[in-house]
Amino acid sequence: MRWLFLGGLGAAVVLLLGSGLVAVLSDSVTSDGNKVESGTLPTHDVQIAIVGAVNECRSASFSDGPAGAAIDLTNVDLTSNANLPRQIVCVKNNGSATGRLMRSFVNVTDVEVGACTVHEATQDSTCADGDDGELEEVLSFLVNAANINNCSALSDPNPSPFGSLIDAELAATDFAPGSICAFLLVPTIVATDDQRLVAQTDRLTWDILFTLEDAL
Ligand SMILES: [Ca+2]
Ligand SMILES: [Ca+2]
Ligand SMILES: [Ca+2]
C-alpha cells in the first residue's frame with residue numbers, strides 16, 4: 001500500500017509541471033472581422049437653372065439641361081446702343097469635388113433669314129436666305145457674376161464681343177461642392193454703321209456650355 005501511494009503522488013507532480021510549460025510557450029488571441037472597403041472618388045457634377053432674378057438662384061430647381069433658352073430675342077433694334085434685356089443663369093456645383101468653372105459659347109450658327117434688305121445688300125455680298133450671317137460681329141455681352149452661395153465668380157466690367165465668348169474662359173475659381181453662382185448676361189450692340197447694315201435680318205443661335213474641371 002505504501003509504495004502504491006508514493007507512486008501515485010509522483011505521477012501527479014509530473015502531470016502538473018507538464019501542463020504549466022504548455023501554457024507559457026503557446027498562447028493566442030484573434031481580432032476577427034477585419035475589412036477594407038473602398039469609397040468613391042470625388043466627382044464633378046455641374047447643373048444650371050434659368051431664373052428671372054438673381055435671388056431666385058437660391059431656391060431654383062437645378063438640372064442637367066432645363067427646357068428653354070436663357071436668351072431668346074427677336075426683332076432686335078440694331079440702331080440702339082442700350083443694353084438689351086439681361087438674362088440670368090444660375091450654376092451649381094452638385095458634385096463632391098472642388099473645381100474651377102469654365103464658360104463658353106458653343107454650337108454657334110449665324111445665318112441670313114429671308115430676303116436681303118435693300119440697305120443690307122449694299123454692304124453684304126452673302127445675304128440670300130441661308131447664307132452666312134454677320135450678327136455675331138455686332139453683338140457683345142456684359143457678363144456679371146453674383147455670389148449666391150460661397151461662389152468666387154469672375155465679372156468683367158467691359159462688354160465681351162460675342163466671338164471672344166466662343167473660347168472657354170474661366171468663370172469661377174475654387175467652385176466647391178454646394179456653391180452657386182449667378183451669371184448675368186446682358187446683350188448689347190457694339191458696332192459701326194456698316195456692321196449694323198450687314199447684320200440686318202440675320203439670326204444668331206448658340207448654346208452656353210459650363211464645364212467644371214479639376215483646379216490647377
Ligand atoms: Ca451675310
Ligand atoms: Ca447679313
Ligand atoms: Ca440679313
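What you are looking at is a predicted model. Mean pLDDT for the protein chain is 88, and 88% of its residues reach 70 or more. Which stretch stays under 50? Residues 1-19 do, and for that stretch the model has zero contacts beyond four places in sequence.

Now the sheets. One is an open sheet of five strands in the order β1-β2-β8-β4-β6, and its pairing is antiparallel. At its edges stand β1 and β6, the latter being residues 156-161; each has a single partner strand, so one side of each is left without a neighbour in the sheet. On average, neighbouring strands in this sheet are turned by 30 degrees against each other, direction ignored.

Going through the pairs, β2 and β8 run antiparallel and are joined by six bridges. Within that pair, Q87 has L185 in β8 as its bridge partner. Between β4 and β8 there are ten bridges, again with the strands running antiparallel. Here N144 stands opposite L184 of β8. Finally, β4 pairs with β6 in the antiparallel sense over three bridges, and V143 has D156 in β6 as its bridge partner.

The other sheet I want to show is also open, with four strands in the order β5-β7-β3-β9 and antiparallel pairing. Its edge strands are β5, residues 152-153, and β9, residues 202-214, and each of them pairs on one side only. Inside the sheet, β3 covers residues 99-112 and β7 covers residues 169-175; the two pair in the antiparallel sense over four bridges. G99 is the residue opposite F175 in β7.

Next, the packing. How many residues does the largest nonpolar core have? It has 36, and those with the most contacts inside it are C90, V91, C181, A182 and F183. At least two residues of this core come from each of β1, β2, β3, β4, β7, β8 and β9. The largest share, six residues, is supplied by β8. Take C181 as an example: not counting residues up to four places away in sequence, C181 touches V91, A145, N147, I148, C151, A153 and A172. Across the protein chain of 216 residues, buried residues make up 25%. As for contact order, take the contacts between residues at least 6 apart in sequence: 75% of them join residues at least 24 apart.

R100 lies in strand β3. Beyond its neighbours within four places in sequence, R100 is in contact with L170, A172, T173, F175, E213 and A215. The pair R100 and A215 is separated by 115 residues in sequence, but by 5.3 Å in space, C-alpha to C-alpha.

With neighbours within four places in sequence left aside, its contacts are M102 and A168. T211 and A168 are 43 residues apart along the chain, and their C-alpha atoms are separated by 8.9 Å.

Last, backbone torsions. Most residues other than glycine have a negative phi. Which residues have a positive one here? N75 is one of them, with phi near 55 degrees. N75 sits in the loop between β1 and β2, and counts as exposed because it has 5 C-beta neighbours inside 10 Å. T201 also has a positive phi, near 45 degrees. The loop that holds T201 runs between α3, residues 193-198, and β9. With 18 C-beta neighbours inside 10 Å, T201 counts as partly exposed.

That is what I have; questions are welcome.

Methods:
Residues numbered from 1 in each chain as written. Chains lettered and ligands numbered in written order. Predicted model: local features only at pLDDT ≥ 70, side-chain atom pairs only at ≥ 80, totals over all residues. Pairing = 2+ DSSP bridges. Core = buried A, V, L, I, M, F, W, Y, C linked by C-beta atoms within 7 Å. Buried ≥ 20, exposed ≤ 12 C-beta atoms within 10 Å, placed from the backbone. Contact = placed C-beta atoms within 7 Å. Axes fitted to C-alpha atoms, helices over the stretch in contact; angles between N-to-C directions. pLDDT = per-residue confidence, 0-100.
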